[in-house]
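Dear colleague,

I am handing over the structure we spoke about, and I would be glad if you kept it open while you read.

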Amino acid sequence: MKKFDVKGMSCAACSARVEKAVSEVEGVDFCAVNLLTNSMTVDGNANESDIIHAVEKAGYFANLAGAKKQAAEKETEQSETRILLKRHFVSLGFLLALMYVSMGYVMWGFPFFAFFDANPVATALLEMLLATCVIVINKKFFISGTKSLLRGAPNMDTLVAVGSGAAYIYSLVALFIMTGETASGNLAGATHYLHGLYFESAAMILALITVGKTLESYAKGKTTKAITSLLNLAPKTATVIREGKETTVPVGEITVGEIIVVRAGGVMPCDGEIIEGNCSVDESALTGESIPVDKTIGDKVSSATVNASGYIKIRATRVGDDTTLAEIIRMVEGANETKAPIAKVADKVSGVFVPVIMAIALVVTVIWLIINQDFGYALARGISVLVISCPCALGLATPVAIMVGSGVGAKKGVLFKSATALEMAGRVKIVALDKTGTITAGVPVVTDVLPINTEKEKFISLIRALESKSEHPLGKAVASLGEGEYLTVEDFTTLAGNGVSAIIDNKKIVGGSVKFIESITQIDKTTMDVCARFANDGKTPMLFTADGKLIGAVAVADKVKDDAMESVLTLISHGVRVVMLTGDNERTANAIANSVGIEEVRANLLPTDKEKVVRALMQEGKTAMVGDGINDAPALATAHLGIAIGAGTDVAVESADVVISGKGLSGVATAILLGEKTLKNIRENLFWAFFYNLLAIPVAAGALAFMGITLSPMIGAAAMSLSSFCVVSNALRLNFFGKKTVKKSEVKNMEITLKIEGMMCPHCEARVKNTLEGISGVKSAVVSHKTGTAVVTTDTVTRETLVSAVENQGYKVVG
């Protein structure tokens, strides 16, 4: 994929012509031209010089984009805005003088120099001179428009140039006729022609279009604000250790392996690993998560994150264009350089828009002449059609919304790899969530500690010492309990059947699964009930003995992420169907799903099974798959939209269309809702662009003349200049995007009615009632054996959980 800068484009017709010209080059597989950024992306094996030649042959200029040109681009963009602003104000000065003469003095009798009284030719000459000044100032329209017309590819500048030029030439001819009338002594005839001049229209068209271009250029600058702010995150210098001394060097001179000092308040100049010190890092610039993260020796840090407190030394691992920040910028730019499918209709229309409008203008002029209108009136209608038509609004409708949307996403830690991904996010109706590492943290932690006939502190010190020698993930979770030195461990042994043993404090301490401990000692009913409850909640119970006597139990679970429930409920509240996919058993899967408000669960899945489930869901609606591991990669690649949690594996990130740079799940809801907002914004822009032209062109042509309604060329130019500005301004509203999260406390109780077979008496009724009300999250259960129903009031418990609980008691749920 190669990127080129393209200069000379002024409207959608220009970008369509460049795209067509380059697509015809041998070896080009794909070409996308972005009018907003004046850039072009080309894929294939075509020679660079052939691509550039094709662009130049089409009448524009191109060169291969540099790797580090963003700052220069921004400077050029600001320079162009300044030039337009200068043209605008100078044009406005001459235009106001012209309007005073043509409208104020000639039409309304405003005071003016006595020399011009009864001297219509002198007045007309003054109008011509003032109009000529405006034309010279805005000669770019005529140069670009004429070149495009001669190449057989007219653009917006052609419409402006033909419209303004026709008004000017008509007025110039009328001026010569006035001189003839004056020479023959017919002063009244000369005055009559004076009132029919269109010099002010010729100048007004140019001035108003320049106003529109200035506003559009300013608004376009706002759309690239996100990328500019990302670029500004990186520090310009860094403090490195060289020859044992701290030295300040430009960031570009840092090499991999160098030691860098970052003090409190400093910004990480590159990606690295902490080798000395502790700190709290503000990662909000990259992840959107506002709470600082504590870091210590061995932890990774990313470029552009801020050391909120502490003194650290880091070893550079990724520098320059390889840093996390550079990757994010590339993803945002990549999204801007591609085209969304919804833009195809606008592109097709833009390609033929200008020639069609010129033909319509000519036909309109001829028709008005045929129906016996004077030439000036007919010409005014034709000029109005030319200047009111706006291909730019069509060309900008999609890319400007994509640029703003992807920029907003980047600021919130959501990275769209392409415009297609951003559009697809807005169409998603089903979200499939992987469990481990996506809904849960992916790291087991101890959730419950239950000492039996032992002090809690003593119990913890014994079991953490025992598991300190274990390599099992559950054992490591237990070993991380508490603080301080471990007790001395002797004769550590891993036992067959999920257990470990060791001599600690002159006692033989044994730990393991319930089944294993049950095989070596007796376990009381209360402890077994507690372990069963742990298991029902999706936790893994572990038991410990000392010299053969039970001393306690712990529960270990993969902890649900803090933002998981809010994210799931937010998606559901926006009409998105959420399904959880996992390789875990059904009991654990249902417990996790129940805790975050997910009703649909697919458990016991292999990686290939996940892909099959996603394919099935895709038949029911646009489906997004969210995952973080290698086993999720097939499903991520298969889904309509693959969303990878950025903390996941490289394979998952590579397979996905969207990357969430943080570890939380809130970015998924942000991606889906931002996609919806962006897609809605694009539709609004396209509707405005098409509706504007469909409405404005007939009115400008004089379709409402029978009602006394006509548009002058000046009003047409004003309308055209504002249409593009309106499209860009509408897209800028995306900068105010903010999703409303739904908290558990905001979820209203819902009633679920189960139809149950097998309840024969009040005893059965009580049994079902006690079972249902024993489920965490169930507020109440009204059960009747007479009607065979159970009405359950809950806020988060899923239907599957209720059904499973009832059927485990020997009854059948039939509906």
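In this predicted model, G810 counts as exposed, because its relative accessibility is 66% and the cut-off for exposed is over 50%. G810 is placed in the loop between α29 (799–807) and β30 (812–813). Its C-alpha atom is separated by 9.8 Å from that of V768, although the two residues lie 42 residues apart along the chain.

For the protein chain as a whole, 51% of the 815 residues count as buried, and the secondary structure comes to 29 helices and 30 strands. If you look at the contacts with a separation of 6 or more, you will find that residues 24 or more positions apart account for 68% of them.

I also looked at one pair of helices in some detail. Two packed helices are described by the angle between their axes and by the distance between those axes. For helix α6 (residues 156–183) and helix α7 (residues 187–194), the axes come within 7 Å and cross at roughly 165°. Angles over 145 degrees count as roughly antiparallel, and α6 and α7 are therefore roughly antiparallel to each other. The crossing in which α6 passes α7 is left-handed. On the side of α6, the contact is made by A174, I177, M178, E181 and T182, and on the side of α7 by G189, A190, Y193 and L194. Sorted by class, the residues in this contact of α6 with α7 are six nonpolar, two polar and one charged.

Finally, how many disulfides does the count come to? The count comes to zero disulfides, where a disulfide would need a pair of cysteine sulfur atoms within 2.5 Å. C764 is in no disulfide, as the nearest cysteine sulfur, which belongs to C761, is 3.7 Å away. C764 is buried, with a relative accessible area of 10%, whereas C133 is partly exposed, with a relative accessible area of 29%.

With kind regards

Methods. Residues are numbered from 1 along each chain as its sequence is written. This is a predicted model: local features need pLDDT of at least 70, side-chain atom pairs count only at pLDDT 80 or more; totals for chains, interfaces and linings use all residues. Side-chain values use heavy atoms; hydrogens and water are left out. Axes are lines fitted to C-alpha atoms, for helices over the stretch in contact, and angles run from 0 to 180 degrees between N-to-C directions. Helices (H or I, at least four residues) and strands (E, at least two) are DSSP runs, numbered from the N terminus. Angles under 35 degrees count as roughly parallel, over 145 as roughly antiparallel, 65 to 115 as roughly perpendicular and the rest as oblique. A crossing is left-handed if the near helix is turned anticlockwise from the far one by less than a right angle, and right-handed if clockwise. Contact means heavy atoms within 4.5 Å. Ala, Val, Leu, Ile, Met, Phe, Trp, Tyr, Cys and Pro count as nonpolar, Asp, Glu, Lys and Arg as charged, and the others, Gly among them, as polar. Buried means under 20% relative accessible area, exposed over 50%, partly exposed in between (1.4 Å probe, protein chains only).
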